[in-house]
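Please follow the strand pairing in the model below, and then look at a few individual residues.

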Amino acid sequence: MLKNTSTTITYTAWNSSDGSLYSGDASNHTCRLSRDGGTFASASNTPVELGNGLYALTLTASETNTDFLTLSVSSSTVGVVIPPVQVTFHNPEQFKANVSSIASEVWSASSRTLTNSVNVSASSISSIQNGLATSSALTSVSSKIDTLDTVCDSVKTLCTSINTTCGTLDETCDAILVRTNLIPDQPAAAGSAMTLTDTYAGLLSLNANSIASAVLACDISNVESTAPLYSLCTIILAHLQSSVNGNTWTIYRTNGLTEHATRTIHAEEDSPPISGVSGS
């Protein structure tokens, strides 16, 4: 048993007349203790019966602060015999293993394998948590995490700004696309280079006189099929290819047969009407 530690020892009471265990006698017992062979002294506590003649006495820590102890119990009941009990106590520090170097030995090993489960008490976990809470290394890690959080927040803000800018750029591109879709494929197809023709090159050499000469020399037969009523073409045809029948003035195209337009005329009674205009 452990020295200097409160503990309980048991003893038995016997009936000397028939050799049976004697119960119900705890109040009649007087317990004395001898430590390391010294003088017997009364025990601090009184015994209790566990049952069937088996009794127990709780020793205080000071009573077990000895190497060898003898318990002597006497009963006031006639014929009850109680054998003495002897107990050896050991100093708990005497057989305590020195484990101070285990941790350093384990962590200095190049490889470690845990083959059995380890039971960790709640107090051990609490101790680890408390140690981590005050660890300077953990404080440094926590500081770095806080810094990283700040950087991440900055990156997030930058990404939000970029997304907004991209949204604006998309809207601008869409507006440009609406306008570029209006550009015709001719004279140049989308994406292809324009090729200047000889006609265009010839236009570069024109001047006011040559342009005027070309316009005056233009044959209206080239445009009469599409020329509107109020056009220079109609005026020329009216003067050169038309006829009057009553109040109707019929204007023909250059072939003299195809009707180009009709107009209603009004003439004074004393003025001779124009009966027609033609190439003959």
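In this predicted model, strand S7 (residues 68–75) and S9 run antiparallel and are joined by four bridges. Within this pairing, leucine 71 stands opposite valine 85 in S9. Strands of a sheet pair through backbone hydrogen bonds, in either a parallel or an antiparallel manner.

S7 and S9 belong to an open sheet of four strands, ordered S4-S3-S7-S9 and paired antiparallel. At its edges are strand S4 (41–42) and strand S9 (85–88), each of which pairs on one side only.

The loop between strand S3 (29–35) and S4 contains aspartate 36. Although aspartate 36 is not a glycine, its phi is positive, at about 50°. Most residues other than glycine have a negative phi. Aspartate 36 counts as partly exposed because its relative accessibility is 47%, a value between the limits of 20% and 50%.

A positive phi also occurs at asparagine 52, where the angle is near 55° and the residue is again not a glycine. Asparagine 52 sits in the loop between strand S5 (48–51) and strand S6 (54–59). With a relative accessible area of 68%, asparagine 52 is exposed, since the cut-off for that class is over 50%.

Is asparagine 15 buried or exposed? Its relative accessibility is 16%, so asparagine 15 counts as buried; the cut-off for buried is under 20%. Asparagine 15 is part of strand S2 (residues 14–15). Leaving aside residues up to four places away in sequence, asparagine 15 touches Ser20, Tyr22 and Gly79.

Technical notes:
Residues numbered from 1 in each chain as written. Predicted model: local features only at pLDDT ≥ 70, side-chain atom pairs only at ≥ 80, totals over all residues. Heavy atoms only, no water. Helix = DSSP H or I, 4+ residues; strand = E, 2+ residues; numbered from the N terminus. Buried < 20%, exposed > 50% of the residue type's maximum accessible area, 1.4 Å probe, protein only. Contact = heavy atoms within 4.5 Å. Pairing = 2+ DSSP bridges.
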